[in-house]
Amino acid sequence: MSRLIFEERKDQFFETGGDKPFRISCDKQSLAGAVSQRACVFCGSRVVLYPIADALHLIHGPIGCASYTWDIRGALSSGPELHRYSFSTDLGETDVIFGGEGKLTRALDELIPRHQPKAAFVYSTCIVGLIGDDLQAVCKKATERHGIPVIPVMSEGFKGNKRAGYYAACKAMFQLVGTGATEGIPPMSVNLLGDFNLAGEIWIIREYLERMGVTVVANITGDGRVADLRRAHGAALNLVQCSGSTMELAKMMQGTYGTPFLRVSYLGADDMAQALYDVAEFFQSQTAMEKAQDLVREELAKIYPRLKRLRKDLEGKRAALYVGGAFKAFSLIKAFRLLGMKVMLAGSQTGTQEDYEELASICEPGTVIVDDANPLELMTYLIEKDVDVFVGGVKERPIAYKLGIGFCDHNHERKLALEGFVGMLNFAEEIHATAMSPVWRFTPRRALPELEEVAA
Amino acid sequence: MKSNLAEKCDYVSSTNACKACMSLGACIAFKGIEGCVPFLHGSQGCATYMRRYLISHFREPVDIASSSLGENDAVFGGGPNLKQGLVNMINKYQAKAVGIATTCLTETIGDNVPAIVKEFLNEAKVEGAGGKMPALIQASTPSYAATHMEGFHAAVKATVAQLAEPVARHGGVNILPGLVSPADIRYLLEVAADFGLRATLLPDYSRPLDAPAGTSYEILPAGGTPLADIKKMGGAAATLSFGWTPGSQEAGRDLHERCGVCLHSLGLPIGLRQSDAMFEALETISKRPAPARHADERGRLLDAMVDGHKYLSGQKAVVYGEQDLVIGLASFLAEIGVQPVLCASGGRSAGFRENIEQVTQGLVREPVFTEPGVDFYRIAELCRELKPDFMVGNSKGYVIARERDIPLVRVGFPIHDRFGGPRLHHLGYRGAQELYDRVVNAVIEKKQSDSSVGYGYI
């Protein structure tokens with residue numbers, strides 16, 4: 001089995017519990033020829049900006065990048081749904097030879113009047129720089145012509161990994177922040193960064209905060225609006241989830257507007273409760289704290305009886321998780337603990353050294369930590385650690401299923417809210433649904449010996 | 001009406017594309033070769049996006065390697081990464097073949113892949129299957145040149161051109177079906193066997209992309225067109241090549257020109273007449289009549305077409321997707337009394353309008369409006385004017401079907417919003433029968449659910 005681990009990637013693994021000090025190598029270019037589960041810079045920018053529902057998202061390049069990102073996420077909007085379109089300049093051979101600036105200009109002139117967006121993001125893809133297009137200049141002129149911000153997103157696919165794309169997206173959004181009026185924003189106010197409103201999750205969090213008396217100024221970016229981003233600097237606090245994707249924006253806002261930030265997670269009962277307490281504590285509001293405590297008590301009471309029953313079945317089962325950002329992994333490990341399950345493998349596409357160190361510290365001995373894995377490595381460890389349930393995205397699903405292992409989609413395509421207390425219960429139901437399915441009694445790798453006896 | 005519709009189509013931008021990119025098509029084709037791992041020479045994102053897109057349709061592992069170019073590689077050339085990536089992948093996967101497809105990035109920076117591969121073959125030491133160097137197939141597939149359909153054909157053509165050799169006649173038959181479903185591939189192999197023909201079907205992803213449950217994650221999925229058979233395609237008695245677009249016939253033409261293999265160029269065998277053409281060709285090649293069970297299947301199809309004709313009378317359909325599929329479907333719909341009011345494709349290969357006209361001639365009452373190079377924004381616009389009763393195409397048209405509250409009969413690729421896409425069967429009499437039942441039922445279901453009566457008998 002160890003044959004399947006690339007020699008060049010050996011320092012991108014770590015197994016907890018030994019006497020070796022923690023060390024992992026990460027944030028590197030993916031190894032050529034390995035089937036990395038990672039995407040590219042463009043993907044990073046696209047996932048972060050995508051849910052801004054009243055902006056035009058125009059992908060400047062040949063068609064592929066637009067085709068593969070058309071309405072693939074479960075990021076919901078309570079109003080406009082411009083984000084669900086897939087706009088592209090669809091560059092052809094002659095554009096590549098003679099340059100695509102003219103086509104981009106005409107595409108903006110066509111799409112902006114047609115859809116009346118509040119802003120436009122223009123994403124550059126791999127070849128844009130290479131064919132000499134000056135995106136900045138085209139966008140600047142379009143801004144003047146159309147009277148809305150037309151913002152270039154410098155997201156050429158090959159110029160780094162997904163993390164670089166997050167940064168490009170944050171830089172693009174930061175051009176909007178600070179351009180709107182902040183009158184009427186109450187002192188107890190926050191922006192929600194790094195939540196994408198998958199299956200309506202941000203609405204759950206907003207409702208919790210409202211019950212505590214906290215006002216949300218801007219959703220960044222789930223159910224996002226350009227006008228909210230413009231006035232986001234008026235909020236007293238930034239709550240940063242999914243730290244990889246929007247941390248840079250929080251830092252930029254702190255630097256320029258002095259907005260402090262808190263890292264939070266809304267996944268799992270533990271972290272959800274902690275997030276609400278941290279907010280109350282930040283505002284030093286006794287009332288908010290009491291309301292938060294009441295809320296946590298009420299919400300837990302709603303889910304606890306069912307959770308207990310699910311836990312009875314799941315106790316002792318083994319889980320593996322491979323997610324985009326490492327921060328999500330922390331919450332998932334705690335959520336699994338609440339279900340009585342053990343995490344045997346935890347990995348991410350884009351974690352940092354600190355992320356992985358923290359991850360290692362909360363995992364039980366014998367857990368494998370991995371950065372930027374590929375199917376061969378994931379398979380190796382899923383078998384070696386005899387895992388029952390694997391949490392990941394669509395690309396990880398067939399790996400689990402082919403091995404006769406349960407699977408839970410925890411990625412951007414999910415249609416099930418997994419945040420908040422109700423999300424914790426949904427998560428438990430989802431894990432239960434897959435782990436307890438009778439199908440595993442029939443799949444070849446796990447077929448029970450007694451079943452064969454019955455058949456014989 | 002026709003000129004009025006045509007006038008408006010001068011959009012610069014694309015909104016909701018009715019196509020994917022060339023490299024994706026190449027990856028599908030390469031998955032259908034024994035022990036072959038698709039390898040994209042470009043940025044890491046391309047491979048990952050395409051894997052996700054394909055996995056969502058096939059629900060199977062789709063490993064696609066990448067040379068994962070970074071900023072320096074784009075400046076100084078991707079050669080070293082391509083070579084290193086090949087070594088890494090071949091050693092881990094024990095690949096028997098590697099399907100190297102280029103991307104926009106590497107075509108634009110001007111990487112000369114054939115030259116790089118030649119250097120690689122001279123320098124590299126790899127531990128592929130049995131210590132052997134795998135077959136390295138190269139296809140040029142920049143996204144900006146055409147669609148996934150042309151990319152698929154480019155990969156098939158490259159495979160034949162680079163692997164098939166002029167060999168002694170062996171009496172087998174080559175089948176080049178184009179982009180069809182795993183169920184279609186299994187059917188074609190079954191039909192060929194029923195005629196007593198030894199078929200080399202390229203590419204055969206019927207097992208790699210629709211595999212039975214096994215004991216493990218197959219690093220190299222079993223199945224695929226055997227490499228030894230591909231080498232011998234030049235010795236076949238004939239090639240059956242499906243598709244009207246020029247690209248679909250190139251591999252067959254190459255076998256004809258280089259190796260003298262008789263080429264039977266047919267349309268996709270969708271519906272009665274195109275299936276007849278396929279069976280006639282098989283009769284000619286095998287010199288025996290169609291086996292009784294296929295004649296029966298034809299008879300049952302006709303019988304069903306009689307039983308169901310009134311449900312479909314006067315129905316108008318919009319058809320979209322890859323050009324060859326759309327032409328085949330238009331031919332079928334015209335046969336069953338449905339008026340295709342719009343035949344649309346994101347592709348721009350030659351002959352689309354002419355072929356649609358030809359396959360519908362004499363069967364439809366109105367001229368069929370045909371438009372290549374469209375996106376779904378344009379299709380939606382045309383639907384508002386043409387008011388179809390239902391749509392036939394892949395999952396991507398759902399947005400329009402939902403908006404218009406009309407049925408969508410799902411066919412082809414990708415099927416992202418239903419289960420069992422790879423098992424949809426379109427070809428031959430049996431495939432036509434399945435399509436026919438689904439079309440009629442879609443119309444009945446719509447009628448039933450729209451009615452306030454709640455008919456239990458229709």
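Modeller: Before we start: two residues are in contact if their C-beta atoms, placed from the backbone, lie within 7 Å. This is a predicted model, where local features need pLDDT of at least 70 and side-chain atom pairs count only at pLDDT 80 or more, while totals for chains, interfaces and linings use all residues. Residues are numbered from 1 along each chain as its sequence is written, and chains are lettered from A and ligands numbered from 1 in the order written.

Colleague: Great. How is chain B divided into domains?

Modeller: Domain 1 takes 2-12 + 311-450, domain 2 takes 22-163 and domain 3 takes 173-286. Those bounds come from an automatic or database domain assignment.

Colleague: And how many residues of domain 2 are in contact with domain 3 there?

Modeller: In chain B, 28 residues of domain 2 are in contact with 26 residues of domain 3. On the domain 2 side, helices H2 (22-31) and H8 (148-163) of chain B each supply at least two residues. H8(B) has the largest share of that side, with ten residues. Helices here are DSSP runs of H or I with at least four residues, strands are E runs of at least two, and both are numbered from the N terminus.

Colleague: What separates the centres of those two domains?

Modeller: The centres of domains 2 and 3 of chain B, taken over C-alpha atoms, are 23 Å apart.

Colleague: Switching topic: how many residues does the contact take from chain A and from chain B?

Modeller: Chain A puts in 58 residues and chain B 56. On the chain A side, H4(A) gives the most, with five residues. By class, that side has 34 nonpolar, 13 polar and eleven charged residues. Ala, Val, Leu, Ile, Met, Phe, Trp, Tyr, Cys and Pro count as nonpolar, Asp, Glu, Lys and Arg as charged, and the others, Gly among them, as polar.

Colleague: And the sheet, in what order do the five strands come?

Modeller: The open sheet runs E5(A)-E4(A)-E2(A)-E3(A)-E1(B), with mixed pairing. Its edge strands are E5 (150-153) of chain A and E1 (14-15) of chain B, each pairing on one side only. Strands pair if DSSP finds at least two bridges between them.

Colleague: In what sense do E3(A) and E1(B) pair, parallel or antiparallel?

Modeller: Antiparallel, over two bridges. In this pairing, A:Phe87 stands opposite B:Thr15.

Colleague: And E2 with E4 in chain A?

Modeller: E2 (55-60) and E4 (119-124) of chain A pair in the parallel sense over six bridges, and A:His60 has A:Ser124 in E4(A) as its bridge partner.

Colleague: Which strands does helix H6 of chain A lie across?

Modeller: H6 (135-146) of chain A lies across E2, E4 and E5 of chain A, at about 165° to E5(A). Axes are lines fitted to C-alpha atoms, for helices over the stretch in contact, and angles run from 0 to 180 degrees between N-to-C directions.
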